[in-house]
Amino acid sequence: MATRPARAAAPAAPRAAAPDATPETPGPQPGPSGAPTSPWPQAEALLQVLDPAFLELVDTLTATLFCAKDTTGRYVAVNDAYVRRTGLTSRRDVLGARAVDLFAPALARRDDEQDAHVLATGRPLRRELELILRPGGHPGWSVTSKVAVRDAQGSPVGLVSLSEDLGTPDPGDPAVRSLAGVLALVHARLADPPSGAELAAAAGCSPAALDRRVRRAFGLSPHQLVLRARIDHATALLGGDRPVADIAVACGFYDQAALTRAFGRLTGQTPAQFRRWSRGRTAP
């Protein structure tokens, strides 16, 4: 049987101690038989279910972030890519902590809400488009999926999550060049978003073929690509003094409430909160 990588079971020393733990409390440790143990019952329950071979596999990922959390939101396992997202350098600083200890409040709150929904309903979160803050406060995009983990009795003991950072595609990529007309149409129609059929016509292919091309080039569905462009435009406009209601119309939303709902789902903040952060250039 494959053994759990030592890095995935490093002692925890979170930056901010959880209410029921002290900074000196050790994190997950291998037990006498090699199975992981933990001073926290919820974390141990999750560790006993996670397959060591699976953890060894996700530990090799460099562009995909992996984490496992117990039912209290405590990080039980992470890979190096996830550690880099937090801006820290060691897993010791992440294991045993919670999202609120590591991320800006708005991002942590959205993360916790996603976790609670997955655990309560048992329904996975699949490829959710999210606006994120990279270390240093620079905004970026990612696509996140989360799945509940259950024990032998069928009770939820935590969840696992994969998140892919979406960088800027190489403009020299043939797939991107073939989508130049699509991108031009998307950006020309931010106030009046094109339909899937219009996008396919711009690409000179069927909607199904367009979906495959867009996913291969951008890691997104055509709908997500359009939505990302509209929210990107909104974030740029929020740096000025234009009323939020006007920004909503300029970005193709029916009204300010529609922009607020979409913006909040993707960022965890209202447009007004993002505007205040943008002007202050501090973490929201």
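1. Let's start with Phe-218, which sits in helix H9 (residues 207-218); helices here are DSSP runs of H or I with at least four residues, strands are runs of E with at least two, and both are numbered from the N terminus. Phe-218 counts as buried because its relative accessibility is 8%. The cut-offs are under 20% relative accessible area for buried, over 50% for exposed and partly exposed in between, with a 1.4 Å probe and protein chains only. Leu-166 is 52 residues away along the chain from Phe-218, yet their C-alpha atoms are separated by 7.2 Å.

2. A word on the model: it is predicted, with local features needing pLDDT of at least 70 and side-chain atom pairs counting only at pLDDT 80 or more, while totals for chains, interfaces and linings use all residues. Residues are numbered from 1 along each chain as its sequence is written, and side-chain values use heavy atoms, with hydrogens and water left out.

3. For the overall picture, the protein has 13 helices and seven strands. Of its 284 residues, 49% count as buried.

4. Next, please look at the largest nonpolar core, which has 41 residues; Leu-210, Ile-231, Phe-253 and Leu-259 touch the most other members. Helix H10 (residues 222-237) gives this core its largest share, seven residues. Another core, of 17 residues, lies apart from it and includes Leu-65 and Val-94. A nonpolar core is a set of buried Ala, Val, Leu, Ile, Met, Phe, Trp, Tyr and Cys residues joined through side-chain atoms within 4.5 Å. In soluble globular proteins, nonpolar side chains tend to be buried together.

5. Ser-163 is worth a look too, in strand E7 (residues 156-166). With 6% relative accessibility, Ser-163 counts as buried. Its side chain makes a polar contact with the side chain of Thr-144, at 3.0 Å (a pair of N or O atoms within 3.5 Å; within protein, one must be able to donate a hydrogen and the other to accept it, and residues adjacent in sequence count only if both atoms are side-chain atoms). Beyond its neighbours within four places in sequence, Ser-163 is in contact with several residues, including Leu-65, Arg-85 and Val-143; contact means heavy atoms within 4.5 Å.

6. Finally, Thr-62 lies in the loop between helix H2 (52-58) and strand E3 (64-70). Thr-62 counts as exposed, because its relative accessibility is 63%. Leaving aside neighbours within four places in sequence, Thr-62 is in contact with Ala-81 and Arg-84.
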